[in-house]
Protein chains: 2
Amino acid sequence: MDKQEQSIFFANMVINSWEIQNNRVNKFLDTFSEEQWASEVAPNRNTGIYILGHLLAVNDGLMPLLGFGSKLFPEYEAIFLTNPDKSGLEKPTLQTLKENWDKVNGTLAEFMKKLSAQEWFTKHTAVSDEDFAKEPHRNKLNLLLSRTTHQSFHIGQLIFLVNK
Amino acid sequence: MDKQEQSIFFANMVINSWEIQNNRVNKFLDTFSEEQWASEVAPNRNTGIYILGHLLAVNDGLMPLLGFGSKLFPEYEAIFLTNPDKSGLEKPTLQTLKENWDKVNGTLAEFMKKLSAQEWFTKHTAVSDEDFAKEPHRNKLNLLLSRTTHQSFHIGQLIFLVNK
């Protein structure tokens with residue numbers, strides 16, 4: 001495989017790992033009841049629904065970071081990122097979150113498909129040109145990689161909703 | 001960058017992500033008390049020490065899978081992989097696990113340093129030649145990537161030991 005094929009191959013490895021995490025959340029969405037999502041994953045820890053909204057807001061944040069466009073649900077930032085679970089801010093319903101989870105991931109998937117392998121290795125929008133010159137691993141693909149491990153971190157918590 | 005440099009760059013992105021997860025566990029090892037490690041991460045879930053041993057056994061499993069050699073602690077397989085936490089099998093002490101965690105990760109790091117970038121894209125030992133020809137993403141680097149997300153999954157649980 002030549003250099004170009006190798007970059008496509010490597011980008012696909014990371015995208016595939018990202019999709020595996022999304023699919024694990026999808027499986028929870030198919031199987032957990034509304035009551036399970038409303039439960040705390042452990043005593044005095046976040047509820048399932050907060051973690052779901054948090055993952056949704058983080059995924060939505062990839063839109064501007066990867067240069068795809070604006071966030072689809074900027075209002076989720078206050079509810080699920082900058083404020084904690086019991087902030088008193090009204091949360092969307094589970095049904096709304098489910099639909100918007102699909103919208104965000106579907107939109108990201110469309111844009112990712114169109115991104116060339118070479119573009120994956122360009123800087124994401126939160127890095128300055130200067131920093132990127134010094135730290136070229138801070139590229140778009142690496143950002144997706146860090147979001148992949150972040151998602152897996154929370155999936156390890158969501159799994160505690162099984163049998164709740 | 002040429003193809004060779006590009007492979008090194010890719011391999012380092014994943015190795016770096018792997019090391020980030022190891023370092024998060026190291027930080028827990030530096031800060032959690034023996035009592036915290038002995039606690040369940042959530043009611044009726046695994047104890048910290050079981051999860052630590054589990055991650056250690058999985059990392060040790062990379063030795064043969066990446067072609068580096070035999071496992072350093074094959075006896076951990078029964079205690080932390082094939083049997084559950086409350087199996088009744090005697091577990092090593094926290095101190096022993098700490099030391100062996102460092103040994104396994106240190107040994108892996110040494111071997112990883114010596115692995116050429118091209119070798120990272122060769123098959124791991126649990127895939128047949130035939131399957132690898134059909135699924136070339138089942139290479140050594142992808143295995144490390146899947147172990148990275150696995151580790152992050154359990155770190156999301158270990159964090160519940162904070163304030164226990």
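Just after helix α3 of chain B, Gly67(B) takes a positive phi of about 80°. Helices here are DSSP runs of H or I with at least four residues, strands are runs of E with at least two, and both are numbered from the N terminus. The model is a predicted one, in which local features need pLDDT of at least 70 and side-chain atom pairs count only at pLDDT 80 or more, whereas totals for chains, interfaces and linings use all residues. Residues are numbered from 1 along each chain as its sequence is written, chains are lettered from A and ligands numbered from 1 in the order in which they are written, and side-chain values use heavy atoms, with hydrogens and water left out.

Helix α3(B) covers residues 48–65, and at 1.5 Å a residue its 18 residues should span 26 Å, which agrees with the 26 Å between its end C-alpha atoms. The expected span is taken as 1.5 Å times one less than the number of residues. Of the 18 residues of α3(B), 17 are buried, so the helix is largely enclosed by the rest of the structure. Buried means under 20% relative accessible area, exposed means over 50%, and partly exposed lies in between, with a 1.4 Å probe and protein chains only.

Helix α2 of chain B, residues 34–38, contains Ala38(B). Ala38(B) counts as exposed because its relative accessibility is 51%. The C-alpha atoms of Ala38(B) and Leu94(B) are separated by 8.8 Å, although the two residues are 56 apart along the chain.

Most residues other than glycine have a negative phi. Asn44(A), in this loop of chain A, has a positive phi near 60°; Asn44(B), in the loop between α2 and α3 of chain B, has a positive phi near 65°. Asn44(A) is exposed at a relative accessible area of 71%, and Asn44(B) is exposed at 72%.

Thr47(A) is found in the loop between α2 and α3 of chain A, but this residue is buried, with a relative accessible area of 10%. The side chain of Thr47(A) reaches the backbone nitrogen of Tyr50(A) at 3.1 Å. With neighbours within four places in sequence left aside, Thr47(A) is in contact (heavy atoms within 4.5 Å) with Trp37(A), Ala38(A), Ser39(A), Glu40(A) and Asp85(A).

Two of these partners, Glu40(A) and Asp85(A), are linked with Lys86(A) and Lys91(A) in a network of salt bridges. A salt bridge is a side-chain nitrogen of Lys or Arg within 4 Å of a carboxyl oxygen of Asp or Glu. Lys86(A) is exposed at 54% relative accessible area, whereas Asp85(A) is buried at 5%. In chain B, Lys91(B) forms a salt bridge with Asp85(B), the closest N and O atoms being 3.0 Å apart. Here Lys91(B) is partly exposed at 23% and Asp85(B) is buried at 6%. Elsewhere in chain A, Arg138(A) and Glu135(A) meet in a salt bridge at 2.9 Å, N to O; Arg138(A) is partly exposed at 29%, and Glu135(A) is partly exposed at 32%. Over all chains the count comes to 14 salt bridges.

How many salt bridges are there between chain A and chain B? The count is zero. Gln6(A), Phe153(A) and Phe160(A) supply 22% of the area that chain A buries against chain B, more than any other three residues.

Not counting residues up to four places away in sequence, Ser7(A) touches Ala117(A), Gln118(A) and Phe121(A), together with Gln6(B) and Phe10(B) of chain B.

Key:
Buried area is the accessible area (1.4 Å probe) that two parts lose on being put together, summed over both. A polar contact is a pair of N or O atoms within 3.5 Å; within protein, one must be able to donate a hydrogen and the other to accept it, and residues adjacent in sequence count only if both atoms are side-chain atoms.
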